[in-house]
Amino acid sequence: MPDLFDPERRRDWPGRLALAIREHRKGAFEWGQYDCATYFSDVVFAMTDADPFEALGTWRSATAALRILARTGAGSVKEYLDARLPSVPVAELRRGDAGFLAEFEPLTCPAIVIGAEALARAETGWIVFPISRLATGYRIGR
């Protein structure tokens, strides 16, 4: 099993979280540039100075992203993160943490908790929903 990804949050993480989200909301969906994975990794990096997807490299299409994911031995982004991120019950999620809905596709990335709601990026646009709808939770940073 790989090392657990559990960096410390920066002291100024709340402002950096807000800025990272704002920056991603400016760009139209584009694989490898403004997709759900780059949104997730950029937000996590902004809060912790560490990237949970750093070892994956880059991609420019869904096919390339699936190929890269398959090289890790994971069948989905969720499976990849389940092996790397500290899990936490959904009831204990705090702002800046992440989670998955019960239904997800292999390339779906976790939503970021922004308060009582979570924000996710999809090819079709941004999705906001109550965190109570999350089925899986991850602690992002200590």
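User: Over how many bridges do strand β1 and β5 pair?
Analyst: First the ground rules: this is a predicted model in which local features need pLDDT of at least 70, side-chain atom pairs count only at pLDDT 80 or more, and totals for chains, interfaces and linings use all residues. Residues are numbered from 1 along each chain as its sequence is written, and side-chain values use heavy atoms, leaving out hydrogens and water. Helices (H or I, at least four residues) and strands (E, at least two) are DSSP runs numbered from the N terminus, and two strands pair if DSSP finds at least two bridges between them. A98 stands opposite Y138 in β5, L101 has L134 as its bridge partner, and the antiparallel count for β1 (residues 98-101) with β5 comes to four.

User: How many bridges join β3 to strand β4?
Analyst: The two strands are joined by a hairpin through two residues, and E117 stands opposite P130 in β4. β3 and β4 (residues 125-130) run antiparallel, and the bridges between them number six.

User: Which residue takes a positive phi in the hairpin of β2 and β3?
Analyst: Strand β2 (residues 111-113) and strand β3 (residues 117-122) run antiparallel and are joined by two bridges, and I112 stands opposite L119 in β3. Their hairpin has three residues between the strands, and the one with phi near 140° is G115.

User: What order do the five strands have in the open sheet?
Analyst: Pairing is antiparallel, and the sheet runs β4-β3-β2-β1-β5. β4 and β5 (134-138) each have a single partner strand, so one side of each is left without a neighbour in the sheet. The average twist from one strand to the next is 30°. So β4 and β5 stand at the edges, and the order is β4-β3-β2-β1-β5.

User: Which strands does helix α1 touch where it packs on the sheet?
Analyst: Contact means heavy atoms within 4.5 Å, and axes are lines fitted to C-alpha atoms (for helices over the stretch in contact), with angles from 0 to 180 degrees between N-to-C directions. α1 (residues 13-26) has a direction at about 35° to that of β3. Helix α2 (residues 36-48), meanwhile, lies across β1, β2, β3 and β4 at about 135° to β3. The strands that α1 touches are β2, β3 and β4.

User: How many residues of β5 are buried?
Analyst: Buried means under 20% relative accessible area, exposed over 50%, and partly exposed in between (1.4 Å probe, protein chains only). β5 is mostly covered on that scale, and of its five residues the buried ones number four.

User: Is D49 exposed, partly exposed or buried?
Analyst: D49 lies in the loop between α2 and α3 (62-71). Its phi is near 65°, a positive value in a residue other than glycine, and most residues other than glycine have a negative phi. With a relative accessibility of 41%, D49 counts as partly exposed.

User: What is the radius of gyration of the protein chain?
Analyst: The chain has four helices and five strands, and from the N terminus on they come as α-α-α-α-β-β-β-β-β. The globule rule (2.2 Å times the number of residues to the power 0.38, with the radius taken over C-alpha atoms) gives 14 Å for 142 residues, and the chain is close to that, so it is as compact as a globular protein of that length. Its radius of gyration is 14 Å.

User: How far apart are the centres of the rings of Y39 and W126?
Analyst: Rings of Phe, Tyr and Trp (its six-membered ring) pair if their centres lie within 6.5 Å; planes under 30 degrees apart count as stacked, over 60 as edge-to-face and the rest as tilted. The structure holds six aromatic pairs; in this one the planes are at 85°, so the pair is edge-to-face. Y39 lies in helix α2 and W126 in strand β4, so the pair ties together parts that are 87 residues apart in sequence. Y39 is buried at 0% relative accessible area, W126 is partly exposed at 24%, and their ring centres are apart by 5.0 Å.

User: What is the angle between the planes of F53 and Y80?
Analyst: These two form a tilted aromatic pair, 5.9 Å centre to centre. F53 sits in the loop between α2 and α3 and Y80 in helix α4 (residues 77-82), 27 residues apart. The angle between the F53 and Y80 planes is 45°.
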